[in-house]
Amino acid sequence: MTPEALPRPPAEPLPAAWPLPLWIAHRGAGRLAPENTLAAFRLGAAHGYRAFECDVKLSADGQPFLLHDTRLDRTTPERGPAGDRPWAELSRLDAGGWHGRAYAGEPLPHLDAIVRFVQRNGYALNLEIKPTPGLEQATGTAVAEACRRLYRGCAAPLLLSSFRPEALQAAQAAAPEIPRALLLDRLWPGWPGVARALACVAVVTDYALMDAALRAQLHAQGLRALCYTVNDPAEARRLLGLGIDGLITDAVDRFSPQAGPQVFD
Ligand code: G3P
Ligand code: MG
């Protein structure tokens with residue numbers, strides 16, 4: 001039997017409506033402002049971005065707030081795991097001074113504050129559930145429940161994503177109506193089945209993993225294909241040529257979302 005004659009897997013048609021714009025600002029505005037702060041979102045928006053990725057985890061008393069690292073060391077003056085502290089304490093920390101004096105005093109944002117900003121402006125939000133290790137299910141549940149409450153009656157696009165299937169599973173159980181995406185930093189065995197079981201609408205891969213075959217596999221499975229963190233114009237061009245559905249970038253000052261698929265050097 002020739003390869004042409006082999007049966008093809010049934011291609012599930014992609015839903016026509018995909019609410020996220022192509023370009024998504026990583027952690028608000030990449031490295032131009034302190035990551036995962038409201039100031040970063042404002043700067044990303046000033047550069048024309050209408051969709052934002054950020055990382056969310058839980059305080060010791062279960063409040064969802066924005067922070068990438070497990071520890072406070074890199075982006076605040078404090079040391080130690082962030083998840084050990086109550087929100088009343090975290091909310092007083094300086095999450096901007098590490099970046100430069102222009103941002104000194106910028107607070108760690110509560111999820112509610114970020115949602116207020118994106119909803120008021122009609123921006124899309126890609127919330128990466130970034131649990132403190134061991135709190136995958138609790139974080140998935142709490143973030144999904146918070147989003148269900150905050151997005152009631154609001155049409156602004158929202159996508160939950162995570163590297164941790166357990167977090168996505170908990171989010172699915174708590175608020176199945178909120179779209180989910182599986183994040184992949186490598187193509188571990190069984191990921192397509194996990195994405196299917198979690199009823200994901202998208203897979204977001206490290207850009208180096210994405211090629212024509214993977215893009216086709218995702219689309220054939222009814223999944224949108226997105227990549228992180230794309231900062232190089234040549235890579236952006238390559239990915240756009242593959243028919244990618246979304247690019248998460250730090251380079252908000254180099255890539256203009258208004259330019260559509262055009263990429264500037
Ligand atoms: O959500 C995509 C991207 O943010 C994943 O990597 O480490 O920057 O959160 P990281
Ligand atoms: Mg992230």
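Reply: In this predicted model, confidence (pLDDT, the predictor's confidence in each residue, from 0 to 100) is lowest in helix α8 (residues 233-242), at a mean of 96, and highest in strand β3 (residues 64-66), at 99. Helices (H or I, at least four residues) and strands (E, at least two) are DSSP runs, numbered from the N terminus.

Me: What is the mean pLDDT of the chain?
Reply: The mean is 94, and 93% of the residues reach 70 or more. Over residues 1-10, however, the pLDDT is below 50, and beyond near neighbours in sequence this stretch has two contacts (heavy atoms within 4.5 Å) in the model. Where pLDDT is low, the predicted coordinates should not be read in detail.

Me: Which residues coordinate the magnesium ion (ligand 2)?
Reply: E53 (OE), D55 (OD) and E128 (OE) do, at 2.0 to 2.2 Å, where donors are N, O and S atoms within 2.8 Å of the metal (3.2 Å for Na, K and Ca), and water is not among the atoms, so sites may look incomplete. D55 lies in strand β2 (residues 51-58) and E128 in strand β4 (residues 124-129), so this pair ties together parts that are 73 residues apart in sequence.

Me: Are D55 and E128 buried or exposed?
Reply: Both are buried, meaning under 20% relative accessible area, with exposed over 50% and partly exposed in between (1.4 Å probe, protein chains only).

Key: Residues numbered from 1 in each chain as written. Chains lettered and ligands numbered in written order. Predicted model: local features only at pLDDT ≥ 70, side-chain atom pairs only at ≥ 80, totals over all residues. Heavy atoms only, no water.
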